[in-house]
Structures are given as C-alpha cells and as structure tokens.
Amino acid sequence: MELVDGWEVASSPPGQCQDSEGLGQLSWLPATVPGTAAAAVGPDGRDFDTEDWWFRCRFASPPAPRGERVTLELDGLATVAEVYLNGELVLESSSMWAVHALDVSDQIHDQNELAIVCRALKPLLAKRRRPAARWRTRVVNEGNLRWYRTMMFGRSPGFAPGPAAVGPWRPVRLVRRASVSTGEVTMRARLEGDDGVLRVRAPLRGEPQKAELVLGELREPLTRTAHAELEAELRVPGVERWWPHTHGHPVLHDAALEIDGERVATRKVGFRALGWADELLEHGLELSVNGEPVFVRGAVWTPADLISLAPSRTELRRLLERVRDAGMNMLRVVGTGAYESPAFHDLCDELGILVWQDLMFANLDYPVQDPDFLAEVEREARQVLDRLAWRPSLTVVCGNSEVEQQPAMMGLDPALGRGELWEELLPRLVSESGAECAYLRSTPCGGELPFHTDRGVTHYFGVSGYFFPPEDARRVEVRFAAECLAFANVPEQVEVPVHHPDWKRGVQRDAGTGWDLGAGWDFDDVRDAYLRRLFGVDPVALRRFDLERYLELARVTSGEVMSEVLGEWRRAESPCRGALVLWLKDMLPGAGLGVLDHRGLPKVAYHYLRRALAPVAVWMTDEGVNGVAVHAANDRPTPLRATLRVALYKDEARVAQAAQKLELVAHGSVRSSVEAMLGRFVDASWAYRFGPPGHDVIVASLESETEPATLLSQAIRFPAGFPITPEPSSRLGISSSVRTAQDGSLALTVGSRRLAYAVRVHCAGFLPNDDAFSIEPGGERVLRLLPSRPEAQFAGGSLTALNLDGPVKLEGSSA
C-alpha cells in the first residue's frame, strides 16, 4: 500500500519538537509524498536547511492474517531524519540515500499515524568536525557537507543554489508479506556465446510446494540451498540481444519468479556483452557492446524536477525520448545530483540508453577514515548496486565526481583524492554485485594529472569554459569526455530581462577552484565570446541595440560550436571514443547549461546535437591545406546503400558537384574529401587563398537510393564565413507549405531559392522535429510539427532565418 494520501507538512525551529508529541501546535499545509518541503510550500528563496520539517499522514490498516508480517518501507529521507509510528520512534537515519525496510508488525493498528521529521541541517553543519578537511571547494558553501550523505545540488551556489532537498523524497509504503514469501530477488543476465543465461537467487520464508523461474515459454525449477535460499539458472538458446538504440534494438525479455503459481517477482531483463578498455586510466572508456565499438554520446543528467525530486513517469518518458531522438546513447547520473528512480532506469533499459552511474560523492574531502561514515557508505553502495547491477543499461559505475581533480587543481597531490574507498572497497563491491560494467575510481582521472585530456577520462572545457577555438578539440587528443561543452544555452522563451538578476540566477558560473577569488565570468560570457569569434559581432553592442537578433545569434552560437567539436571527435581517426555534454536539462528557468530548458523543451543547441549525433549522419571537418573532409557514419545494425553528394555554391549558383554510391556496412563509417570527390583542386577550405573564394557554401548530403530519394542527413559548411547579412525574402525566395496529418501532426515543406541559414520554425502549439537548419540553394526540407498539447490546432505561423530580414508567413494548411 503506497502511502500517498493525506500528507501534511509543517516547519518548526530546530529542536523545538523533540518527538511526535505536541505537533498540533504547528501550522500544517497539504503536502505530496514522495516530495519535498520546497514542493509543498514553494521555493521562494527560502533556506530549507534552517528549520525542522515535519511530514505526517494517517492511514488505516486492516489486521494482518496470521503468519503475515508487515513492513514499512521508506525509499529515501532527506537527510537527518526520525520516523515515528503511532508515537513510537521506529527509525533514525542520517543519509538521504539510505533505503529502509522496518518490520512494524507489532506497532501497526487499525488506525495509524506516521510522522517523519527532517532535522535542520544548518546547525549540524556549523559544528566543528575532525579530522579537518585537507582541501576546500567552492562548489558548495558548507565544507561540512562532506560528513552528510545528501545532495549537493540545491546547496551549490554556482550551479544550483536552491532549493535544498528536504523531506521524504522517495516513496513510502506498507507491505504485507505472506507466510510463504521471498525477500529481495537477485537476477543476473549474461551471454555465453549465442545463448543467454539468467541466474536467480532469493531468500525464502516458508515452505512452497513449487517454485520456478520463467522466461517466455521457458521454465526452470528453483532449488533450495543450505542457506534457505532459492536459486536457479535458465539458458535461453540463441537469445535476442539488447543494444543501445543507436546500434540496434534494446530487446528486453519478461522474466518472473513463480511460487505456488503466483508471480512474486518480475523483471524485464536484457542480454548483452559489454567491453571496455583494459587500462581505463590510459585509454579512456573505449566501449563496445556485443563486440561492436560504440562512439558514446550523450549528456550529464540532472534531477528532472529539482524542487520535488519526484517527476512522474510520464515526464521522465518525455525527457528520455528526447534523449533518444537526439541520437544520444548515454546519460551520466552525476555525483552532485541524486540517485534515480526505478522508473528512470526502466525507461533507459526500454529505450536503449546507456547509464553512467556516479556514486553520490563530488569535490569534497570526505572523512573516509571515519569507521561510521565508511560503514554508511558501504551500505549505500550495496543498496545502489542491488538495484542496478542486473540492468542492461548500466555501463559505468564511477566512485565520485572530481574528488581526485579538486586537490590537483589546487596544486596539491592528486593522490589525496584517492584511497581505499575508491580504489579497493567500491571496486570490490561492484565485482561482488555481479554487475557487468566498467568501474572508474573518479572522473576525471588518468594521465599525469587527472584533468589532462590525452589519457584516461577527462572533463574537457578547452572549448567553452577556457575560450579556446574549436580546433583545440583535436589538438588535445581527448580520449573520453565525461563532461564537456558548457554554454549558457538561451531558451526559446525568454521569461525575464536579459542580464537582469533574475536572468543571472539561471546562468551557471564557475565558483573557482578554492585558491583564488572565484571566476570573474559566467557561462553567458563564454557563449558571447564564441558569438564574437563565429560571427564577428560585438555581443554587448548588439544586445543593447537589437536584443532579439542578439538572442537568435546566441542560440545558434553554442549549437555551431558543439556540433563542430563533436564532429571532430566522431571521426574514425580521432582517439576520442565518447563525449557527454554538460548538461541535458536546466534545473532553473533561464539560460542554463542544458540543451533542454527547465520545462524539458528543446533549445536550438539540442537540434544541432540531434543532427551531429544521429545514428546515420554526414558531416565535414576543416583540414586546413588538406581541404575539407567528408565523413559518413552508419551506426545501425544493417548495411546502408546511399548516395553521397557534395555541391559547392557561389551565391545561388552551383559551381561544382559530385556524387558517389556508398554501401556503408553496419556499424561502419567512411571518409572522403570534397576535392577527392570532385577530382580537382578547388581550395575547398579556402586555406591557400590565391584569390577571393570560388565558393561560399559547401553542402554534403547523404541520400537514400530509394525512389524518390530521401535526405538521410545533410551538413553545410561556410569556408568564407557565416552568412548572417539579412536579405529580403523576395531575394532569398523562401517558400513553405503545411499539411495536416491524420494524427494531428503537421507536415511542413520549406524551400529556398538561395541559401537560407539557421531557419527557425515558429508555430504556436507545435514543436518541430528539426529547427535552426539550413537549406541549400534550390533545395527543400521536409519536417514534422508535433502538437505540444492534445487540443493544438494549426492557426498559422512563421519562418525566420539569420540571413532573412523578417519573418515569412507559413502558407496555409490542407488535410
């Protein structure tokens, strides 16, 4: 029985209410559980760590039949908490991450009251603790957070200043266990050659008549061991394998444990073989799935709802489908955030999204020599691994985020951030759990210093935070970037004035390494520096005199830079085997680091990534005096017959064109060059500069061999500079037509006589499946506009482009 109804919340000064007696004097408000104090009363800049927060509910529980046991399960309490059942203290907890199961068979009545108090953390943080920290970090204001197992987001001034997580943020339930029942069921799936093998183990209470492991039509009896456990191993001949969605189908199989004809445990299991580098600290991840190398691409995952920490399954599905649709195949659950819900991991399994799981440690000098702290951490890690080890999506378990980097960045010995916990205990627990995944002690790590990029796993911000040009991404030889490409990505809807304090609250800033006064810039400044570099425009002057154009150029800037860097890394010749953008979704309104805004809606940068990361893609790289290289990839599990076409344009005139037939093998790629395809020198990259450029646009297209041919992927490059001079629509020759489909979506066709750069689609109630795209001279693009709400009806819209002097109306609709 999920305890979700009738919850109330009230605050009190720290320690005013020592127990659940006398709670009637408090002022109570309705609350939602799972949830937080901030979700109940509203964030509004309140410091939730300065008060005690009480949650209570009343519930009925019919008497338990003889032999049954009643368990109170609490999946997460943030952070220092006490639980009272009918006035009796039944639990004290000091970890947000601990999962509790309490036998309350003797405390439960027909009518019950459950009260939970989350104590004020601020007074506890003010107490002096020993040993003292060997280094400090500005990622959080309170260094003593290192003693408490709780979330840093919400307490991180530069990245997520609030609200702090306080309350029963995970489900609370009452469970009745029959006289014959099992405890926690352990299932592990593996491959042996072409066969799948599923092993199950479960503690047993009682004497069942029959127990079986079931998968599809296959059944295997369970046997009882000397340790009062049931176990079995079931072989599945020629099993269909699970793949990340970019490389195949994420096939799941329904498995169940049946006792006396009743299914007591069910799982959706996947069979896959995972491979990674023998020397992670040298070569990076170098991931392979089912024997096929995988270029990993994705983003850092932050809590979908920072306020409540309890997003619905529907909201999670919406976000994760956007991850899949963007061609991303990995999410990193970051150590400054929170462990995710079973629904999140179910959806990653279903959608074929790999998961990099940080344990919830970041930046701080944790008291790993304290025996009580270490015991709490070991319990936490065992619980996390019990929940995740069986999942096919689990790919990496990482001990922490930036604990090794933090002292190194301050000029201290990086070894201070290592130790028995990260190098011995946690890898042993991962091995004992039976998880088939890589273990990394910290991210970043490897090389002479953990933040050097040419070995191991790095956090790369040479392009973005350190203001280097895009070509730096090739020069520094990144092996695997667990974080990269941080920009203040401007959302579609700007809800507060730009550079107003409310705007700046949503813009992340680097708080500094601890040895300086903090950074004198934020990620708005980063994006604006690249805006100036790409377009030759003064962002301050433009923002002053033409704010809307500034915002449009700003939106496109980060997308252009991100796609350029990822194209460098995705090349077959690159040593880089993966990159995760920092981060997927904003936690607060404004121009945050996310490529989705705080509501989960795509920003322009998302669409650039979607084109750059697509499983079937074509892209170009500038090779200087070696011209322009053309790359094509087919990550799909079947060969692809296609035509690769390149075309060069001067104004609207096509000055050169060539095409070649390709057969891209499954999980394969090819490289050519513009001049190799044309068969002559044209100074494609305009590197020699013997005179004015002979072309200003290069278009590379991958087209199907079907009739009529369809555009699979297209890339456009501007060797002489980006075309941002506005022109009249009559000169550009943009046209459009809209047709309403039976499913309520719109089919939009957009054509242009001359090049149209960064075309935007504006249509109230609809979201385009592509945006900020370019159209080659004389070409057209076909898009779908998906309704953002069920009742959406087409009522007109417009097109804009960076080289268009005003909006163009979308032409009518026909069924």
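# Salt bridges, helix packing and surface in a predicted model

The side chains of Arg 382 and Glu 432 meet in a salt bridge, with 3.6 Å from N to O. A salt bridge here is a side-chain nitrogen of Lys or Arg within 4 Å of a carboxyl oxygen of Asp or Glu. The pair joins distant parts of the chain, since Arg 382 belongs to helix H6 and Glu 432 to helix H8, 50 residues apart. Helices (H or I, at least four residues) and strands (E, at least two) are DSSP runs, numbered from the N terminus. Arg 382 counts as partly exposed, at 36% relative accessibility, and Glu 432 is also partly exposed, with a relative accessible area of 48%. Buried means under 20% relative accessible area, exposed means over 50%, and partly exposed lies in between (1.4 Å probe, protein chains only).

The model is predicted: local features need pLDDT of at least 70, side-chain atom pairs count only at pLDDT 80 or more, and totals for chains, interfaces and linings use all residues. Residues are numbered from 1 along each chain as its sequence is written, and side-chain values use heavy atoms, with hydrogens and water left out.

## Two helix pairs

The helices that hold Arg 382 and Glu 432 also pack together. The axes of H6 (residues 371–388) and H8 (residues 420–433) come within 10 Å and cross at roughly 35 degrees. Axes are lines fitted to C-alpha atoms, for helices over the stretch in contact, and angles run from 0 to 180 degrees between N-to-C directions. On the H6 side, the contact is made by Leu 374, Val 377, Glu 378, Ala 381, Arg 382 and Leu 385. On the H8 side, the residues include Leu 421, Leu 425, Leu 429 and Glu 432. Contact means heavy atoms within 4.5 Å. An α-helix has 3.6 residues a turn, so residues three or four places apart point the same way.

Helix H4 (residues 313–325) and helix H5 (residues 342–351) pack at an angle of about 35 degrees, with their axes 10 Å apart. Among the residues of H4 that take part are Leu 316, Leu 320 and Arg 324; among those of H5 are Phe 344, Leu 347 and Leu 351.

The structure holds 81 salt bridges. One of them joins Arg 149 to Glu 380, and the closest N and O atoms are 2.8 Å apart. Arg 149 sits in the loop between helix H2 (121–125) and strand E9 (172–177), while Glu 380 is in helix H6, 231 residues apart.

Another salt bridge runs between Asp 635 and Arg 297, with the closest N and O atoms 2.8 Å apart. Asp 635 lies in the loop between strand E31 (628–634) and strand E32 (640–650) and Arg 297 in strand E22 (residues 296–301), so the pair ties together parts that are 338 residues apart in sequence.

| Residue | Relative accessible area | Class |
|---|---|---|
| Arg 149 | 2% | buried |
| Glu 380 | 2% | buried |
| Asp 635 | 9% | buried |
| Arg 297 | 0% | buried |

Salt bridges can also join into a network, as they do for Arg 474, Glu 568, Arg 571, Glu 573, Glu 623 and Arg 671.

## Buried parts

Helix H14 (residues 604–613) has 10 of its 10 residues buried, so it is largely enclosed by the rest of the structure. Its buried residues include Tyr 606, His 607, Arg 610 and Arg 611.

Glu 483, in strand E28 (residues 481–484), is buried, with a relative accessible area of 6%. Leaving aside residues up to four places away in sequence, Glu 483 touches several others, among them Val 300, Arg 332, Ser 401, Tyr 460 and Leu 582.

## Exposed parts

Glu 240 is exposed, with a relative accessible area of 54%. This residue lies in the loop between strand E16 (229–236) and strand E17 (253–259). Apart from residues up to four places away in sequence, Glu 240 touches Val 251 and His 253. The C-alpha atoms of Glu 240 and Gly 270 are separated by 8.6 Å, and the two residues are 30 apart along the chain.

Phe 690 counts as exposed, at 73% relative accessibility. Phe 690 is in the loop between helix H15 (674–678) and strand E35 (697–704).
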